[in-house]
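Here are my notes on this one, as numbered points. Have the model open while you read.

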Amino acid sequence: MARGIIPGLVTALFLGLCGCTPPANAVVPSATASPPMAVGPQTSVVPSSGSPSDSPSPTIYPRLPIPAGTPRCHTNQLEVALLGAGAATGNVRNSFEMRNRSAEACWVYGYVGFQLLDSRGRPLPQSLSRSTDSFFGQSDPSTRILLTRASPPLGSRAAGHAYFDVATEDVTCSGEQMRATASLEIWPPDEYAAIVIPARGGDWNGGFISCGDLTVDSLQIQPGLAGG
């Protein structure tokens, strides 16, 4: 056999084995594959277990009609609760629920007043602005919202309640400053009397998170925080 034939056959055999069929456990990149998703702080990626149609649709809350003659809500008819806080890259959204506890339906419209209080009920330093735009997206502009009479308790995220968010951040102050918030003073729109609710400042387990720079959105017909 001529010299060089055997090396040539070996080379051909090697190319045939290695170049035609990849091993069964090899990862073959797609020519149209998207780059890997970047995962930032406090963000988790959950793999999908089914088709898009398997994902539950978000709850759509009805806009309840307001009967003629229905009065505006007053502070003594209302209750407010903090639903919780969500965060992403230093931005925080505290979500609240408002309920009519009276035996008469009423409506609310616009923005609440909002003040951080310390353990002795004294106002804490803060800045407060109003906006329908935040890091977490757009909220609806102000409209009249019917609060049904004797509605389900706070925390139920029920239709017939009103909701609002207080957007802030958690990076420009110390934990001690956050924990100084002991309660929240909340004025329903156009009311002079406030509702005061307890708040565990700096506690991510159902507390209120803030460094004092606050943006409140207008009252909404459904909660902004996941759930409902």
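1. The lining of the second largest cavity divides into 5 nonpolar, 4 polar and 2 charged residues. Here Ala, Val, Leu, Ile, Met, Phe, Trp, Tyr, Cys and Pro count as nonpolar, Asp, Glu, Lys and Arg as charged, and the others, Gly among them, as polar. Among the lining residues are Leu83, Ser95, Phe96, Tyr163, Phe164 and Asp165, along with Asp217, Gln220 and Gln222. The space inside is about 30 Å³.

2. Before going further: this is a predicted model, in which local features need pLDDT of at least 70 and side-chain atom pairs count only at pLDDT 80 or more, while totals for chains, interfaces and linings use all residues. Residues are numbered from 1 along each chain as its sequence is written, and side-chain values use heavy atoms, with hydrogens and water left out.

3. Confidence next. The chain averages a pLDDT (the predictor's confidence in each residue, from 0 to 100) of 77, and 71% of the residues score at least 70. Over residues 1-57 the pLDDT stays under 50, and the model has 7 contacts (heavy atoms within 4.5 Å) beyond four places in sequence for that stretch. Where pLDDT is low, the predicted coordinates should not be read in detail.

4. How many cavities of 30 Å³ or more does the structure hold? There are 2. On a 1 Å grid over the protein atoms alone, a cavity is a set of points where a 1.4 Å probe fits but cannot get out, a pocket is an open set with protein on both sides within 12 Å along at least five of seven lines, and lining residues have an atom within 4 Å of a point. Points are joined across faces, edges and corners, and a volume is the space filled by probe spheres set on them. The largest cavity comes to about 60 Å³, with Arg63, Arg144, His161 and Ile221 among its lining residues; by class that lining has 5 nonpolar, 2 polar and 2 charged.

5. Compare the second largest pocket, with a volume of about 150 Å³. Its lining includes Leu116, Cys173, Met178 and Cys211, and it has 7 nonpolar, 4 polar and no charged residues.

6. Now strand 2 (residues 91-100), where 9 of 10 residues are buried, meaning under 20% relative accessible area, against over 50% for exposed and in between for partly exposed (1.4 Å probe, protein chains only). Strands (E, at least two residues) and helices (H or I, at least four) are DSSP runs numbered from the N terminus, and two strands pair if DSSP finds at least two bridges between them. Strand 2 runs antiparallel to strand 1 (residues 78-88) over 10 bridges, as a hairpin with 2 residues between the strands, and Thr89 in the turn has a positive phi of about 45°. Strand 2 also pairs with strand 9 in the antiparallel sense over 8 bridges, with Ser95 opposite Asp165.

7. Strand 12 (residues 213-216) puts Leu214 and Val216 on a covered face, and Asp213 and Thr215 on an uncovered one. In a regular strand the side chains alternate between the two faces of the sheet. Strand 5 (residues 127-130) runs parallel to strand 12, joined by 4 bridges, and strand 9 runs antiparallel to strand 12 with 2. Val216 is the bridge partner of Arg130 and also stands opposite Val166.
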